[in-house]
Amino acid sequence: MLKNLPKKIKIVEVGPRDGLQNEKEFISTDVKLNYIQKLIDSGLETIEATSFVSPRAIPQMKDSVDLFEKIKTTDSFKKSSVHFPCLVPNMKGFETALKLGVKEISLFSATSSEFTQKNINATVEESFVRMEEIAKAAKENSIRIRAYISTAFGCPYNGEMPASALVDIIERFEKLEPYEISIGDTIGVATPAQVDSYLKEVLKVVDKSRVAMHLHDTRGMAVANTLVSLEHGISIYDSSSGGLGGCPYAKGATGNVATEDLIYLFDSLGIEHGVDLEKLVDASSYILEAVKKKTPSKFLSAYLKSRK
Ligand code: HMG
Ligand code: MG
């Protein structure tokens with residue numbers, strides 16, 4: 001029987017950022033805002049809103065300032081009832097976030113310099129030099145930091161990455177005092193046995209209450225990997241409504257695990273998540289229509305068919 005499962009979990013909805021960043025056709029700021037409002041209405045309390053990155057690197061995020069200005073007009077922002085972390089790759093992105101009144105930023109690096117070189121034009125080492133400066137400024141301005149570690153299990157350019165590399169990057173990130181560390185299976189290669197053995201190492205250096213799993217579902221293993229993570233007591237999961245997503249600098253990477261898939265799993269285990277599935281499906285249907293895509297999620301496809 002399954003043991004040690006958390007009673008309650010936190011979902012970090014990354015649809016507006018990870019879900020959309022790979023979309024070639026520009027989605028208008030108003031559509032993005034409507035999508036975010038629908039996600040809020042579904043009960044999600046942490047929604048990664050956007051990223052302050054180079055518009056040349058990620059053209060879809062070129063309206064991030066306008067979008068965040070609009071998010072600031074929502075009740076959820078004004079009442080601080082929803083967290084809206086934003087991804088920041090460098091000091092320029094941080095300064096934008098600071099000026100806008102962003103309360104939480106996500107910093108990101110990886111276990112592989114081949115990947116970071118393509119993703120942010122810096123080695124892992126250089127990325128930490130940048131992030132140390134940002135973390136210091138964030139602390140001075142009471143901005144919370146979330147940390148992402150990409151290529152935790154495998155890298156599109158380097159193949160399988162060892163658990164020791166992940167532990168090493170976690171220890172480096174810990175010095176920046178993030179409130180959470182999100183472990184990224186960027187290209188969806190991880191398997192349950194690998195997640196099990198890596199988490200055993202990870203949990204020796206960071207408390208399980210601060211570990212998040214960020215699983216892409218490229219090979220259909222994300223739900224199985226979530227189950228293994230739950231058995232390790234991990235209670236924070238990043239996911240994307242409708243299962244959209246992918247990083248343009250990780251060849252072959254496809255969508256994040258669909259938030260709906262996770263909810264189906266959590267419900268089956270009696271784990272509390274606070275999300276209204278029907279309203280979430282409305283948000284996903286809205287954005288899937290806007291990007292003119294069918295969901296890769298088997299659960300959501302079946303659910304939508306059963307609703308007709
Ligand atoms: P670079 O070319 O070395 O940067 O890129 P630069 O400092 O030389 O600047 C080049 C141009 O970009 C300049 O514009 C800058 O002003 C501009 P120009 O003067 O030539 O017109 N620029 C910016 N504009 C707006 N905001 C900024 C910014 N910075 C520079 N912050 C850089 C380096 C980091 C900027 C670039 O490579 C970049 O933006 N990369 C981001 C890539 C990205 O967003 N990837 C996806 C997110 S990570 C991910 O998906 C993984 C994750 O989901 C976890 C997982 O799944 O593993 C988190
Ligand atoms: Mg991702």
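A: Start with two residues of this predicted model: aspartate 18 and histidine 214 are both buried. Each is a donor to the magnesium ion (ligand 2). Along the chain, the donors follow the spacing D-x195-H-x1-H. Aspartate 18 and histidine 214 thus link distant parts of the chain, 196 residues apart. Aspartate 18 sits in helix 1, and histidine 214 in strand 9 (residues 211–215).

Next, ligand 1. There are 27 residues around ligand 1. Gln21, Arg56, Asn121, Ser150 and Thr186 come nearest. The side chain of glutamine 21 has an N or O atom 2.8 Å from an oxygen atom of ligand 1. Serine 54 uses its backbone: a polar atom there is 2.9 Å from a ligand 1 oxygen. Asparagine 90 faces a nitrogen atom of ligand 1, with a side-chain N or O atom at 2.8 Å. The protein covers 72% of the 1,100 Å² of accessible area that ligand 1 has on its own.

Last, helix 2. Helix 2 spans residues 29–41, 13 residues in total. From first C-alpha to last it reaches 18 Å, close to the 18 Å expected. Its buried residues are Thr29, Val31, Lys32, Leu33, Tyr35, Ile36, Leu39 and Ile40. Their cover includes helix 1 (15–21), the helix that holds aspartate 18. Strand 1 (10–13), helix 3 (64–71), helix 4 (75–78) and helix 12 (277–290) are also among the covering elements. Glycine 43 follows helix 2, with a positive phi near 105°.

Technical notes
Residues are numbered from 1 along each chain as its sequence is written. Chains are lettered from A and ligands numbered from 1 in the order in which they are written. This is a predicted model: local features need pLDDT of at least 70, side-chain atom pairs count only at pLDDT 80 or more; totals for chains, interfaces and linings use all residues. Side-chain values use heavy atoms; hydrogens and water are left out. Helices (H or I, at least four residues) and strands (E, at least two) are DSSP runs, numbered from the N terminus. The expected span of a helix is 1.5 Å times one less than its number of residues. Buried means under 20% relative accessible area, exposed over 50%, partly exposed in between (1.4 Å probe, protein chains only). Contact means heavy atoms within 4.5 Å. Donors are N, O and S atoms within 2.8 Å of the metal (3.2 Å for Na, K and Ca); water is not among the atoms, so sites may look incomplete. A residue is near a molecule or strand if one of its heavy atoms lies within 4 Å of it. A polar contact is a pair of N or O atoms within 3.5 Å; within protein, one must be able to donate a hydrogen and the other to accept it, and residues adjacent in sequence count only if both atoms are side-chain atoms. Accessible areas come from the Shrake-Rupley method with a 1.4 Å probe; for residues, only the protein chains shown count as cover.
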